Every structure is written in C-alpha cells, then in structure tokens.
Amino acid sequence: MTEHSLWRFSRALHRAINDRHFEDIETLIDEDIEWAIYGPIDMFPFLGARQGKAAVLQVIRQLADNFHVRRFERESIMLGVDSASSMLRYSLTALDSDKPISLRVAQFAQFRADRLISMRVLVDTFDLVEQALGRAIHLPRMTSVG
C-alpha cells in the first residue's frame with residue numbers, strides 16, 4: 001500500500017511554513033490548482049481564492065512570513081483514493097507579535113497523479129478575528145424574548 005497524497009502534502013506544507021523549504025511543496029501542486037481559504041480577507045489578505053501554482057505558492061510564502069505552526073492535531077479525517085477531508089486544530093505563533101493563535105479548520109483536498117488539484121479550507125473565523133484583535137467581539141442581540 002502506498003502513502004496517501006495528503007500525508008506527503010501535509011508534511012511538505014508544514015516544512016514550507018516552518019522551515020521555508022518550498023522545494024518539496026512545489027512538486028506536489030498541480031499547475032492548474034484551484035485553492036481557496038475562506039476567511040476575513042480584509043484582515044488576512046492571503047486568504048481567499050487563488051488559481052494556479054504560482055498564486056498558491058505565493059500564499060504559502062505569505063503564511064510562512066506570518067506564522068509558525070507550533071502544533072496541529074487531526075480531529076477527524078476521511079480519505080478517498082484521490083481526495084481527503086479533515087477537521088484540524090492548529091496552534092500557531094504570529095511572527096510579528098509572538099502571539100499564540102489557535103484555530104480550527106475544515107480542509108477538503110483533491111489530488112490527481114499525486115498532485116494537489118483543489119484545496120478548500122474553511123476557517124473558524126469568529127474565533128480567529130477575536131484572537132487577532134485581542135478582545136472579544138460583542139454582537140447585538142438578534143432575537144427578543146417574548
């Protein structure tokens with residue numbers, strides 16, 4: 001049995017972010033990749049949709065410029081032949097402030113010939129924004145008690 005493409009990609013991604021070794025990740029990304037990290041683009045401009053290998057590598061470089069992955073754990077995972085879905089919990093350090101950030105993400109990946117062709121990531125953005133701001137966000141009450 002061969003190793004699933006997700007494991008190779010995951011290791012290469014973390015090496016790229018933490019050690020700035022981009023060579024391994026470059027070989028695992030398809031030229032025509034579709035990539036989207038859904039989150040508050042105004043606060044984190046490296047979030048959002050990207051098309052093509054060069055654009056995705058730029059996002060990964062921006063992640064490496066801003067964060068260090070201290071720890072991550074897979075809460076759940078489903079593997080298909082050429083696909084993978086997982087819930088992850090990350091512990092990061094913001095490099096500009098040395099501030100710890102924890103977040104949960106849902107990740108949906110598709111592979112072809114061992115290369116990533118599609119990545120969709122949903123970030124628990126409310127918690128992330130509160131951490132980035134350093135304070136709780138108080139929303140107006142949406143319903144009234146009758």
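This is a predicted model: local features need pLDDT of at least 70, side-chain atom pairs count only at pLDDT 80 or more; totals for chains, interfaces and linings use all residues.

**Cavities and their surroundings**

Modeller: At 22% relative accessibility, R50 counts as partly exposed, because the buried class ends at under 20%. R50 sits in strand β2, which covers residues 48-51. A polar atom of the R50 side chain lies 3.0 Å from the backbone oxygen of P45. Apart from neighbours within four places in sequence, R50 is in contact with I33, E34, W35, P45, A55, V56, V59 and Q62. R89 is 39 residues away from R50 along the chain, and the C-alpha atoms of the two are separated by 23 Å.

The protein chain has four helices and six strands, and from the N terminus on their order is α-α-β-β-α-β-β-β-β-α. Along the principal axes, the C-alpha atoms fill a box of roughly 60 × 40 × 25 Å. Of the 146 residues in the chain, 40% are buried. Among contacts with a separation of 6 or more, 49% join residues 24 or more positions apart.

Now to the empty space. Rolling a probe the size of a water molecule over the atoms shows where empty space is left. In this structure there are two cavities of 30 Å³ or more.

The largest cavity has a volume of about 410 Å³. Its lining is made of 21 residues, and I37, L63, Y90, L103 and V105 lie nearest its centre. Two or more lining residues come from each of α1 (5-19), β1 (29-38), β3 (67-79), β4 (83-94), β5 (99-112) and β6 (115-123). Strand β5 gives the largest share, four residues. By class, 19 of the lining residues are nonpolar and two are polar, with no charged residues.

The second largest cavity holds about 80 Å³ of space. Its lining consists of L6, F9, S10, L13, H14, F72, R74, S86, L88, Y90, Q107 and M119. Helix α1 contributes the most, with five residues, and α1, β3 and β4 each supply at least two. By class, this lining has seven nonpolar, four polar and one charged residues.

H14 belongs to helix α1. With a relative accessible area of 11%, H14 is buried, since that value falls under 20%. Not counting residues up to four places away in sequence, H14 touches D19, V69, F72 and Y90.

In soluble globular proteins, nonpolar side chains tend to be buried together. Here the largest nonpolar core has 38 residues, and F9, I25, I29, W35, I60 and L116 touch the most other members. The elements that give two or more residues to this core are α1, β1, α3 (53-66), β3, β4, β5 and β6. As for I60, leaving aside neighbours within four places in sequence, its contacts are L13, A16, F22, I25, I29 and W35.

Methods: Residues are numbered from 1 along each chain as its sequence is written. Side-chain values use heavy atoms; hydrogens and water are left out. On a 1 Å grid over the protein atoms alone, a cavity is a set of points where a 1.4 Å probe fits but cannot get out, and a pocket is an open set with protein on both sides within 12 Å along at least five of seven lines; lining residues have an atom within 4 Å of a point. Grid points are joined across faces, edges and corners, and a volume is the space filled by probe spheres set on the points. Ala, Val, Leu, Ile, Met, Phe, Trp, Tyr, Cys and Pro count as nonpolar, Asp, Glu, Lys and Arg as charged, and the others, Gly among them, as polar. Buried means under 20% relative accessible area, exposed over 50%, partly exposed in between (1.4 Å probe, protein chains only). Contact means heavy atoms within 4.5 Å. A nonpolar core is a set of buried Ala, Val, Leu, Ile, Met, Phe, Trp, Tyr and Cys residues joined through side-chain atoms within 4.5 Å. A polar contact is a pair of N or O atoms within 3.5 Å; within protein, one must be able to donate a hydrogen and the other to accept it, and residues adjacent in sequence count only if both atoms are side-chain atoms.
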